[in-house]
Amino acid sequence: MAVAEVLFLTQPIFLRYIIQIIEIEGRVEAEWQGYLYTALLFIVLCINTFMYHISFHHMLTIGLKVKTALICLIYKKAITMNRSGLKSTTVGEIVNLMSVDCQRIQDAFMFSFYIVCIFIILVIAVVQLWDLMGVASLGGLAVILVVLPTVGMIATQQYKLQKELLRLKGNRIKILNEVISGIKVLKMYAWEPSFMKRIQAIRQSEINCLWKYALYTATTIVFAVHSPFMINFTLILIYVLTSPTHSLGAEETFTALSIINILRYPIALCPFLVNGSVQGFVSVGRIQAFLWTEDVRTDNVNVVKQAEYPVSIESGDFAWNADVETPILTNITLKVRPGELIAVVGQVGSGKSSLISACLGEMVRMSGKVTLKGKVAYVPQEAWIQNMTLRDNILFGKKYQEKKYRKVLESCALLPDLEILAGGDMTEIGEKGINISGGQKQRVSLARSVYNNADVYFLDDPLSAVDSHVGKHLFQKVIGNDGLLKHKTRILVTHGVHWLPMVDRIVVLNNGVISEIGSYVELISHDGDFARFLHQYFQQDDDDDDPEIQEIKETIRSHIDEAKSDGGITSEDDGLTASGRTHRRSTRISAFTSSRSMSKQPETFNPDDLSRLTVDETSEEGAIKGAVLLAYIKAMGVCTVVVVFISMSIFQGLNIFSNFWLTYWTEDPLLKNVSLYQTQEYEDKYIYYLLMYMGMGIIQGIAVFLSFYMALTRMVRASGILHNSMLKSILRSPMSFFDTTPIGRMMNRFSSDVDIMDNKLPESFRLWSVMVFSTLAVVIVVGITTPIFIAAIIPVAILFAFAVKFYLPTARQMRRTESVKRSPIYNHFSETITGAAVIRAYRCSERFINESRKRVDENIKFYYASNTGARWIGIRLETLGNVIALLAAVFGLISDELNGAQVGLSITYAVQITITLNLVVLAISEMEMNIVSAERVEEYTKLPSEAGWVLDTARAPIDWPRSGTIEFRNYLTRYREGLDLVLRGINCSIQDGEKIGIVGRTGAGKSSLTLCLFRLVESAGGSILIDGVDISKLGLHDLRSKLTILPQDPVLFSGSLRSNLDPFGRYNDESIWYALECAHLKSFVDGVEAGLDYECGEGGQNLSVGQRQLVCLARTLLHKTRVLILDEATAAVDMETDDLIQDTIRVQFKECTIITVAHRLNTIMDYDRVMVLDAGLIKEFDSPKTLLKDTNGVFYGMAKNAGLV
């Protein structure tokens, strides 16, 4: 690169000789020298072209390699990071490091070689100027020495703004990630406006920073673009004033202009260089801070091949963070014998899951020793499911063995599920298992561990998310001493007391201490913690004649070795969980077709493809559509765009004219006659030329500042408007969109694409506007000075147009493909970080790292091809530019009419075209490639929307619903047009204050019925009336805010406990504390220092699962309305939390209408009526007692299976 730049600096020398030859009177004998210098000029320019592009390609490749290495490093770090590290950062923030910071470090390399080159060029240029103009060159140097520190001072301000910008961006992405993850709950609570305001507030702060940044950038651009004129003016001013005759010659003027024009590009690149360095430096600091967070220590656990005990802990103290003084688990001593089944029991928050984490090495070992023998399998409390087929989730990287696989499916009660799933075991499971129920997720997680064939199994409460009937099957066929794992060492955390007589030993935890260890018989025989733990379960407020509880009590009292109670199930098909969510077979069909309908080409529905849930991301084709550009220009402001182009035209026009002004000056007959230098007329003339030249420079400076200030600040505004439009569009999208679109795909647009609009697009516009106008200037100047040149430029222009037409579509499509290939990297990453503990437990980090690298490679190869393509076109176009410079010099030598000043001006500009032609295409392609981001964002501003949030024409009364009566009138619904009905004519009336239980087999339409009340699924016929008001006529928020739901998944958001309970700030502290007290959380919140401002962490990770569900209960109590829907709210919680929730609901909601999708039959046996659904129809609907009288009825059959009759 340095060689290329030094060679380029030799061209003013050749130009000087050519002008000298043209100035010679009767130059016949010197003409051959002119052609020799012209040939040398052409050769030097061609060598420069090749060397420049080779070095530029290598710099970009280094940048790309650094970016790739950093992405892989961040991914690797995310897998090894401990929990305290995760608390200090979030998935959204780490995705931001990958998408934004790594890209900025790569961009910093683009012009980084100029850091060295700029000083070499300056030294050589100043030496040449000194030789040419003597002491005047020091004036030019003084301007450079003033400009560079000024740009440096502005850079320090930009550095501060960049740090703040990246912090804000990280916060915005963090909240967005959580909002999109918990969108279903958000919609049910009608909380979208609250979170939209939070995100928009952060975005507004970003916009304010970007606005200041744009102002600084516009100032640096004035220095960069206008400094050549300042240098030239200072040189001429000092040269003329210090010259004895105050004369200005063509040779000195145009050779100096040529040298300064070479300086123009390094100086013009200064803002890019400064911006790139500032942004890169900030990003390096952020990534470094992330990489410095604590890892899970490998010495927490000693893994051996041979040991007496497969699991051994000796006097262990454990904490999540090494800095804490008091450990979570204290003085733990536990030795588990080979093949032993250990149960871990204790109250909520006693440290059961922490014990498992300590054994796996996830917790910091403060003292003691932990030893594990052999391979480990881990089933976490919250099942971790990947976005891949059900089979791949179970195999988890292991080789497929048909016989073993079928045996695992059968043992884990998954075979009946495969009959319901559209594609069998090849059905694609959505992100976080979106399209399977909580119980199915847990059984897939268990199947994965069984198939893995480990030595030691850690099972963190896998039975609480499934029905007791299924739980019994899993215990007998898998976990118990007669199951598939009977010869394995198993540690089982459980809340199901009826399994305890069947385990070898029981570990009782109390406040992080093992209070008792022993067999069931040993522990029950004396009144210790274990006996008290059991007693707590049997302290029920309701009558003790509940058959299930009586059965458990009898079982335990008589020390029977087998649990006889099933606990009640709501499914008829054996081994299938009833904790299914909305996504049954019809949903899968609907999800598939809805995602298909959003792709670009209409496709016919293909039932063979039902196994697919998400579809591949599509991209636009062909040139950027005018509508996208129009939308962007409108967001900028049409008047602004007009002002920008007028200002640029004034700047460039005056720039051209000022150079012509120099030709008039140098060729002025009066000033050429130096003998008149002492006359007043001579003095007035040169001062007139000087002042006019200065005036033109001042107007140019004002025009360039106005142009870029207007352009850059309004581009910031456009980015803000498009971001907010996309945010509104996404939050108003129906649920089907979220079910079929991976989070990574949406996050890609909000992080990478928005960042490109914020930073790269203004930069490429800056380059584009300067270069396009410069190229036009070159053509105009050379055309005016040597008209014959126009004839030569036509074929060159045709070649140029052909090359650009060939290159641009390729470059554009490469960038689009690269954008699409970026999403899988983020999808895989956010999935990995959620399941990092599982990946570490199975010791398969390397496989995941390789998968991530594969995805990064797939993305990078398109970026690399795009860069290579840019060099391909660059070499060809610069060669064309070199030909234009050659022709300009030849025509200057041939013509007898041209003087030295005109030829000097012509060649100076023609040499410029060598650079500008290449940079024009670079700028146009960069502009096109970056506008792809605006296109992708604009695409998401037009997503299909759900019904209006608030309809002014149909507002419900403020106190609606007063009584809570619900009436279904021949209600039909399907998930999408052309699909089977999910509910096929529901007719029923629910009176105010009635307690209704809904039961039925998986896929019967239970959850669909609750979703219809919130209109997450719209009606296909019939109507639902609440207090006589047709809900389809109301705005969605008017409806949803007047209903209360306790959902199955306890979704919390990062932020304080208060913001999780009351995001709109509608309730006072007294109401919030009362809700917490009723939800049995008051003592916990009292016990933490921050109280209501306690930080919940991302997804509520600072709370246990049970505590999260209780927070959701407190939220429900705070927003209490006349209608309460429980959508299997206790499906994934332990029995203790379930009891707390049921008690609270009975007391606090006694006047409300309650609709419960039942998970355990015993919870609804005291309800007023039970609705039995089958295939979208009501089969039975009456009081439990009446239904039990019909021994042939469906409900009776269920109760019988549950052991309740």
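User: Where is S315 placed?

Analyst: S315 is in strand β2, which covers residues 311–319. Note that this is a predicted model.

User: What is its phi?

Analyst: S315 has a positive phi, about 45°, although it is not a glycine.

User: And how exposed is S315?

Analyst: S315 has a relative accessible area of 40%, so it is classed as partly exposed.

User: Which other non-glycine residue has a positive phi?

Analyst: H1080 is one, with a phi of about 60°. H1080 is in the loop that runs between α35 (1069–1078) and α36 (1082–1087). The relative accessible area of H1080 is 39%, so H1080 is partly exposed too.

User: Backbone again. Where is there a cis peptide bond?

Analyst: Between W960 and P961, where omega is about -10°. P961 belongs to the loop between α31 (900–939) and β11 (966–973).

User: Switching to rings. How many aromatic pairs are there?

Analyst: The structure holds 29 aromatic pairs. One of them is F229 with Y693, a tilted pair with 4.8 Å between the centres and 40° between the planes.

User: Which helices do F229 and Y693 come from?

Analyst: F229 is in helix α9 (residues 192–242) and Y693 is in helix α25 (residues 680–731).

User: What about Y405 and Y451, how do they pair?

Analyst: Y405 and Y451 pair edge-to-face, 6.3 Å centre to centre, with 80° between the planes. Y405 sits in helix α14 (residues 402–411) and Y451 in helix α16 (residues 438–451), so this pair links parts 46 residues apart in sequence. Y405 counts as buried at 1% relative accessibility, and Y451 is buried with a relative accessible area of 1%.

User: Which residues make up an aromatic cluster?

Analyst: F657, W661, Y664, Y688 and Y689 form one.

User: Where does a charge sit over a ring?

Analyst: The charged end of R749 is over the ring of Y940, 3.9 Å from the ring centre. R1169 lies over the face of F1181, at 4.2 Å from the centre of that ring.

User: On to helix packing. At what angle do α6 and α7 pack?

Analyst: Helix α6 (residues 114–133) packs on helix α7 (residues 137–181) at about 155°, and their axes are 8 Å apart. With antiparallel taken as over 145 degrees, α6 is therefore roughly antiparallel to α7.

User: Which residues meet there?

Analyst: From α6, L122, V126, L129, W130 and M133; from α7, S137, L138, L141, I144 and L148.

User: How many of the contact residues are nonpolar, polar or charged?

Analyst: The contact of α6 with α7 has 9 nonpolar residues, 1 polar and no charged.

User: Last topic, Q1148. Which helix holds Q1148?

Analyst: Q1148 lies in helix α38, residues 1135–1148.

User: Is Q1148 buried or exposed?

Analyst: Q1148 is at 17% relative accessibility, so Q1148 counts as buried; the cut-off for buried is under 20%.

User: What is Q1148 in contact with?

Analyst: Leaving aside neighbours within four places in sequence, Q1148 is in contact with Y1074, C1078, L1117 and K1120.

Note on methods
Residues numbered from 1 in each chain as written. Predicted model: local features only at pLDDT ≥ 70, side-chain atom pairs only at ≥ 80, totals over all residues. Heavy atoms only, no water. Phe/Tyr/Trp six-rings, centres within 6.5 Å; stacked < 30°, edge-to-face > 60°. Helix = DSSP H or I, 4+ residues; strand = E, 2+ residues; numbered from the N terminus. Buried < 20%, exposed > 50% of the residue type's maximum accessible area, 1.4 Å probe, protein only. Lys NZ or Arg CZ within 6 Å of the ring centre and 35° of its normal. Axes fitted to C-alpha atoms, helices over the stretch in contact; angles between N-to-C directions. Parallel < 35°, antiparallel > 145°, perpendicular 65-115°, else oblique. Contact = heavy atoms within 4.5 Å. Nonpolar A, V, L, I, M, F, W, Y, C, P; charged D, E, K, R; others polar.
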